[in-house]
Amino acid sequence: MDFEAVRRFVEKEGGAYEFTVDSMPERFIEPMVMQGMKIDTIERGRIVCSFTVPPRLVNTGNTLHGGATAALVDVIGSAVIFTMGAPTTGVSVEINVSYLNGATVGEEVEIESKALRVGKALAVVSVDLKSKKTGKLIAQGRHTKYLVLPSKI
């Protein structure tokens, strides 16, 4: 077992990207993932949006990174909660993502988010990512959020 290879894989101190990473603004993940997103349809309990996979969001296999996909499930899944009249999107309790196909740089992706249940304390949403060209399901996510209850004081 080459533990040093594992260390090099995990630890990213120094190197070509250090200056770039250190100079990034706080809370950069959401804008980095959502840049270029367009809403196609918005209605009560449903949002359909689309984007073209940019080079910044791909993995070493040159397909949409699983972390970026999970972030899209998080953000777009949260947004659909607002369409139900909730004053807040709450905090994540669980995010589940099944990765079914890849999406390459330049590929158009459609994302559909549906509110499955928005109650007083919990919200559950589903998020499907599909290739606009082939219609194939790229990933399917489910997101459960705790909706912070207002104080009675």
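The model discussed here is predicted.

Beyond its neighbours within four places in sequence, Asn62 is in contact with Ala103, Thr104 and Val105. Gly102 is 40 residues away from Asn62 in sequence, while the C-alpha to C-alpha separation of Asn62 and Gly102 is 8.9 Å.

## The sheet

The model contains an open sheet of six strands, arranged in the order S1-S2-S4-S5-S6-S3 with antiparallel pairing. Strand S1 (38-43) and strand S3 (91-99) form the edges, each pairing on one side only. From one strand to the next, the twist averages 15 degrees.

Within this sheet, seven bridges join strand S2 (residues 46-52) to strand S4 (residues 108-118) in the antiparallel sense. Ile47 has Ser113 in S4 as its bridge partner. In general, the strands of a sheet pair through backbone hydrogen bonds, in either a parallel or an antiparallel manner.

## Helix H1

Helix H1 comprises residues 3-10, and zero of its eight residues are buried, so the helix lies largely in the open. Burial here requires a relative accessible area under 20%.

At the start of H1, Asp2 places a side-chain oxygen within 3.3 Å of the backbone nitrogen of Glu4.

Key. Residues numbered from 1 in each chain as written. Predicted model: local features only at pLDDT ≥ 70, side-chain atom pairs only at ≥ 80, totals over all residues. Heavy atoms only, no water. Pairing = 2+ DSSP bridges. Helix = DSSP H or I, 4+ residues; strand = E, 2+ residues; numbered from the N terminus. Axes fitted to C-alpha atoms, helices over the stretch in contact; angles between N-to-C directions. Contact = heavy atoms within 4.5 Å. Buried < 20%, exposed > 50% of the residue type's maximum accessible area, 1.4 Å probe, protein only. Polar contact = N/O pair within 3.5 Å; in protein donor to acceptor, adjacent residues only side chain to side chain.
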